[in-house]
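My entries are below, in the order in which I looked things up.

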Amino acid sequence: MTWVKRKNAALGKWALTRYTMHTVQAALQRRFESLNDPMRVPAMVRAINHYARKGMNYFRWHESGDVQDRNHFQNIIAVCEKTPDVKHWMPTREYAIVRD
């Protein structure tokens, strides 16, 4: 399954036009494919901590999209645990994944 097959109730007209552009789809596909990369958690921790040192002490997960599977959610939890000074926000409709 790829990100383009997922439905997202939060998509509006802007998202429907921008997210169909070839360059945007290619970038989103690369990000989707990187979800299981073993360097993803350390890279996210480094990036979030970098911006936290500059005063950005909050982070929103998913501009458009949602948790893909249990492994993705566990990786998000690992990043949150390693960035305790940052407030994380993750809107989701994947209740079954989050609840388990």
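**Entry 1: the whole chain**

I note at the outset that this is a predicted model. I looked up the secondary structure and found five helices and two strands, which follow one another along the sequence in the pattern α-α-α-β-α-β-α. For burial, I found that 26% of the 100 residues of the protein count as buried. The exposed surface comes to about 7,600 Å², and carbon and sulfur atoms supply 56% of that area. I also looked at contacts with a sequence separation of 6 or more, and 70% of these are between residues 24 or more positions apart.

**Entry 2: helices α3 and α4**

Two packed helices are described by the angle between their axes and the distance between the axes. The crossing of the two helices is right-handed.

Next I asked myself which residues of α3 meet α4. From α3 they are V41, M44, V45 and I48, and on the α4 side they meet N75, A78 and V79. Sorted by class, this contact has six nonpolar residues, one polar residue and no charged residues.

**Entry 3: M44**

I picked M44 next, which has its place in helix α3. Is M44 buried or exposed? Its relative accessibility is 17%, so I recorded M44 as buried, given that the cut-off is under 20%. Setting aside its neighbours within four places in sequence, I found M44 in contact with F59, W61 and V79. I also noted K82, which is 38 residues from M44 in sequence, with a C-alpha to C-alpha separation of 9.8 Å.

**Entry 4: T83**

Where does T83 have its place? I found T83 in the loop between α4 and β2, the latter being residues 87-89. T83 counts as buried because its relative accessibility is 1%. Not counting residues up to four places away in sequence, T83 touches V45, I48, N49 and H88; V45 and I48 are also among the α3 residues that meet α4. Between T83 and A52, which are 31 residues apart in sequence, I read a C-alpha to C-alpha distance of 8.9 Å.

**Entry 5: H88**

I finished with H88, which lies in strand β2. Leaving aside its neighbours within four places in sequence, H88 is in contact with I48, F59, W61, V79, C80 and T83. F59, W61 and V79 had already come up as contacts of M44. For H88 and F59 I also looked up the spacing, and their C-alpha atoms are separated by 4.9 Å, although the two residues are 29 apart along the chain.

Terms used
Residues are numbered from 1 along each chain as its sequence is written. This is a predicted model: local features need pLDDT of at least 70, side-chain atom pairs count only at pLDDT 80 or more; totals for chains, interfaces and linings use all residues. Side-chain values use heavy atoms; hydrogens and water are left out. A crossing is left-handed if the near helix is turned anticlockwise from the far one by less than a right angle, and right-handed if clockwise. Helices (H or I, at least four residues) and strands (E, at least two) are DSSP runs, numbered from the N terminus. Contact means heavy atoms within 4.5 Å. Ala, Val, Leu, Ile, Met, Phe, Trp, Tyr, Cys and Pro count as nonpolar, Asp, Glu, Lys and Arg as charged, and the others, Gly among them, as polar. Buried means under 20% relative accessible area, exposed over 50%, partly exposed in between (1.4 Å probe, protein chains only). Accessible areas come from the Shrake-Rupley method with a 1.4 Å probe; for residues, only the protein chains shown count as cover.
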